[in-house]
Amino acid sequence: MPVTKVLTAGIGEADLRDIETYRQRGGYRQWERAVRELQPADVLDLAEKSGLRGRGGAAFPTGRKWSFLPSEKHPRYLVCNCDEAEPGTFKDHMLLEESPHLVLEGMLIGSYGIACHHAFIYIRGEFKRGYEIFCAALEEARAAGYVGKNVFGSGYDIDVTVHRGAGAYICGEETGLLNSLEGKRGEPRLKPPFPAIEGLYGMPTVVNNVETLAYLVPIMERGAQWFSSVGTERSKGYKIVSVSGHVRNPGNYEVALGTTVREIIELAGGLRPGRTFAAVQPGGGSSACIFEEHLDWPYDYESMTKAGSMLGSGGFIVFDDTTDFVNAAYNLVRFFGHESCGQCTPCREGSSWMERVLERLVRHRGIPGDYEMLLRVSGSITGLNLCALGDSIEPFLKSVMLRFPEAFRSRIVAETVAR
Amino acid sequence: MSGETRDVMSRKLGPTCGATEGGSEEAEQQERSRDGGATSGSEASRRTARRKHQTMVEAEQNFAALLERLRPECETLMARYEQKRSALLPIVHLFQGHQGFVSLEAMNAAAEMLEMSPAEVEAVVSFYTLLYRRPVGKYVLQVCRGLSCSINGAEDIMAYFREKLGIGHLETTGDGLFSYEEVECLAACDRATCMEVNLEFVYDLTPAKVDELLESIRAGTYGVAPMTQTLPPGRTWEIAQNDQIASGRKSPGAVRVEDPDNAGGVGDASGTIMLDHLINRDVYMFGRTNERAVVDSRAVVETMGERADHAGH
């Protein structure tokens with residue numbers, strides 16, 4: 001199955017940052033059609049029928065997420081989550097820098113779909129260039145009358161505010177993001193209430209990923225049927241997969257869900273000469289590895305879950321036989337330890353302790369019992385935290401420890417030597 | 001520097017500026033232009049001393065001036081949100097852009113504008129890694145240590161940087177030109193190893209590319225603008241969370257432990273939170289003495305695991 005360019009269409013061929021170029025390719029026509037011809041309920045209906053699910057990682061059905069907003073509570077907000085920091089994921093970064101108008105148009109259509117009049121985009125602090133590009137695009141769109149009061153003479157008002165983060169992975173978690181947007185520490189909130197009921201400033205809020213919102217534009221254009229006819233039974237449509245690691249041509253590849261894992265690796269040019277396949281981490285740093293036996297499995301939400309992992313954000317890291325999995329596990333556990341906000345004890349303490357145990361394994365200074373202890377401690381972090389960060393520590397570690405136990409055990413020195 | 005000058009410094013400027021030697025570049029430049037650039041002999045040294053004193057005083061006045069200059073922009077930022085507190089990050093970004101870091105004065109000013117307590121502001125500022133509460137180098141080099149970069153040679157690139165710069169993670173060179181940091185995934189894994197220089201991406205790093213980068217920055221020909229530097233940076237901009245560990249002193253909670261070399265518990269009598277410096281730092285850096293403690297601490301961790309197991313059932 002080849003690459004299908006939907007969101008990525010035109011990237012690398014035309015300067016889509018320029019509003020004229022974007023318009024020539026049909027840009028903002030769907031936004032105009034939405035406010036002129038459709039009711040918000042029609043847009044919501046379209047989102048629901050398309051089967052679009054959140055592309056940020058949680059894969060929650062977008063239309064259903066919108067439908068949770070209580071009808072009597074106003075104002076309500078839409079927040080576009082562009083705090084992309086999941087290890088191995090770089091699709092939003094590309095969309096923001098290469099196709100900012102598409103991101104904006106998706107946000108506008110999404111805002112209309114939930115009938116909100118103030119939308120926000122939270123851009124990761126490290127994406128300074130992307131922030132500048134998006135701000136310039138927003139100004140162009142404002143000048144063209146696509147954003148502001150009474151757009152297209154429809155009587156509909158929409159304002160968009162760009163908010164820049166300042167370096168914190170946890171702000172990609174939707175309630176952490178909302179706290180950060182409110183000028184607080186980016187610490188996730190206790191749920192429920194979910195943001196749909198009590199989000200930004202205590203009002204109903206939808207937080208959607210960049211890619212999710214961007215897909216609204218082609219869905220508007222070609223219809224829900226077009227999107228839902230692609231993919232598998234429950235995983236509809238397309239997905240940008242960020243392929244990196246030990247492949248010849250790493251990059252973003254947009255494919256229909258259900259493309260096999262092997263095909264995705266081949267799209268990225270396959271492994272380097274002379275190397276053999278070891279594993280793939282198919283859904284960002286939070287996902288478990290899958291192995292050779294899963295190569296011909298379809299890449300969709302259900303299959304990846306069934307394979308013991310998840311599709312997550314679409315960060316797809318390929319590992320060949322040169323990989324030191326102890327070091328890789330140490331790298332990710334250190335990542336989660338560094339990014340833990342510190343609210344929940346299991347996550348905060350567990351991650352930093354395991355990091356230290358893994359560090360000594362990396363240095364071939366493990367102590368007998370370390371292997372069992374790591375599995376036990378990582379298992380006892382999962383499920384005991386306010387947000388998913390704590391639960392993200394175990395999957396990769398456990399999957400490679402069970403698959404390559406010798407890699408870990410061989411780093412343990414006998415206790416007598418340690419003394 | 002005379003004692004008197006130092007006195008003035010600490011009285012006038014408070015903790016953020018206490019450790020400084022030079023002063024605001026902006027102020028120094030103004031001074032220089034007032035002098036008409038002419039300096040000679042002992043006149044010069046007297047002038048230097050006076051200049052230092054004056055720049056310190058001016059730094060404070062400068063902040064007041066800066067604040068007045070930025071206030072309208074801050075108000076615009078505040079007006080963008082339904083609740084003005086949301087403008088906190090944009091406001092501190094703004095101050096950092098002008099001062100090179102988020103100074104105590106800036107945090108106080110933000111607190112006043114947003115009707116927050118200064119402590120709340122600092123609590124927020126300290127949460128984010130891109131906000132510096134101490135001055136940093138003119139070029140902040142952030143090399144990605146994420147997994148994709150790591151398996152594609154990032155470790156070698158990082159080692160090369162450290163060797164070339166003569167500094168480590170979270171440190172600034174003595175000349176105040178470079179700050180170096182190893183950061184988490186920068187979302188550019190297709191171009192590993194990647195980095196940011198003052199938040200502008202550099203891709204596909206090789207040692208040759210690193211050489212080129214450092215040389216052009218030193219030569220002043222690099223395409224990315226330097227960060228504003230209003231105060232000379234220290235060795236690190238990090239504010240140690242646990243200064244007593246760094247200085248070898250025991251934490252308050254460790255008093256119950258009789259054997260000072262043993263697993264000194266921090267915070268509770270069971271002595272559970274000591275792995276940080278015991279397991280790695282002591283074993284690898286100080287040799288035999290504490291290895292017994294390491295074995296003991298393993299026992300503690302085991303117990304913890306069992307406890308967690310019980311709790312699960």
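**Strands, domains and the chain contact**

Guide: B:E171 stands opposite B:Y180 in β3(B). This is a predicted model.

Visitor: In which sense do β2 (residues 171–172) of chain B and β3(B) pair?
Guide: β2(B) and β3(B) form a hairpin with five residues between them. In the turn, B:G176 has a positive phi of about 75°. The two strands are joined over two bridges, and the sense of the pairing is antiparallel.

Visitor: How many bridges join β1 (residues 139–144) of chain B to β3(B)?
Guide: In this pairing B:Y139 stands opposite B:F178. β1(B) and β3(B) run parallel, and the number of bridges joining them is six.

Visitor: How many of the six residues of β3 (residues 178–183) of chain B are buried?
Guide: B:F178, B:Y180 and B:E182 point one way from the strand, and all are buried. B:S179, B:E181 and B:V183 point the other way and are also buried. β3(B) is thus mostly covered, with a count of buried residues of six.

Visitor: What percentage of the residues in chain B is buried?
Guide: Chain B has 11 helices and five strands. Of its 313 residues, the buried share is 38%.

Visitor: Why do the buried residues of α15(A) line one face of the helix?
Guide: The buried residues of α15(A) are A:D370, A:L374, A:V377 and A:S378. Seen down the helix axis, they line one face because they fall within an arc of 95°.

Visitor: Which element gives the largest share of the side of chain A that touches chain B?
Guide: The contact takes 52 residues from chain A and 48 residues from chain B. Elements giving two or more residues to the chain A side include α7 (128–143), α14 (345–362) and α15 (370–379) of chain A. The largest share is six residues, and it comes from α13(A).

Visitor: How many charged residues does the side of chain A that touches chain B have?
Guide: That side is divided by class into nonpolar, polar and charged residues.

Visitor: How many nonpolar residues are on the side of domain 1 of chain A that touches domain 3 of chain A?
Guide: The domain assignment gives domain 1 as 19–224 and domain 3 as 325–418, and their centres, taken over C-alpha atoms, are separated by 36 Å. Each of the two domains gives nine residues to the contact. On the domain 1 side, two are polar and two charged, and the number of nonpolar residues is five.

Definitions and conventions: Residues are numbered from 1 along each chain as its sequence is written. Chains are lettered from A and ligands numbered from 1 in the order in which they are written. This is a predicted model: local features need pLDDT of at least 70, side-chain atom pairs count only at pLDDT 80 or more; totals for chains, interfaces and linings use all residues. Two residues are in contact if their C-beta atoms, placed from the backbone, lie within 7 Å. Helices (H or I, at least four residues) and strands (E, at least two) are DSSP runs, numbered from the N terminus. Ala, Val, Leu, Ile, Met, Phe, Trp, Tyr, Cys and Pro count as nonpolar, Asp, Glu, Lys and Arg as charged, and the others, Gly among them, as polar. A residue is buried if 20 or more other C-beta atoms lie within 10 Å of its own, exposed if 12 or fewer, and partly exposed in between; C-beta atoms are placed from the backbone. The arc is that of the directions from the helix axis to the C-beta atoms. Domain bounds come from an automatic or database domain assignment. Two strands pair if DSSP finds at least two bridges between them.
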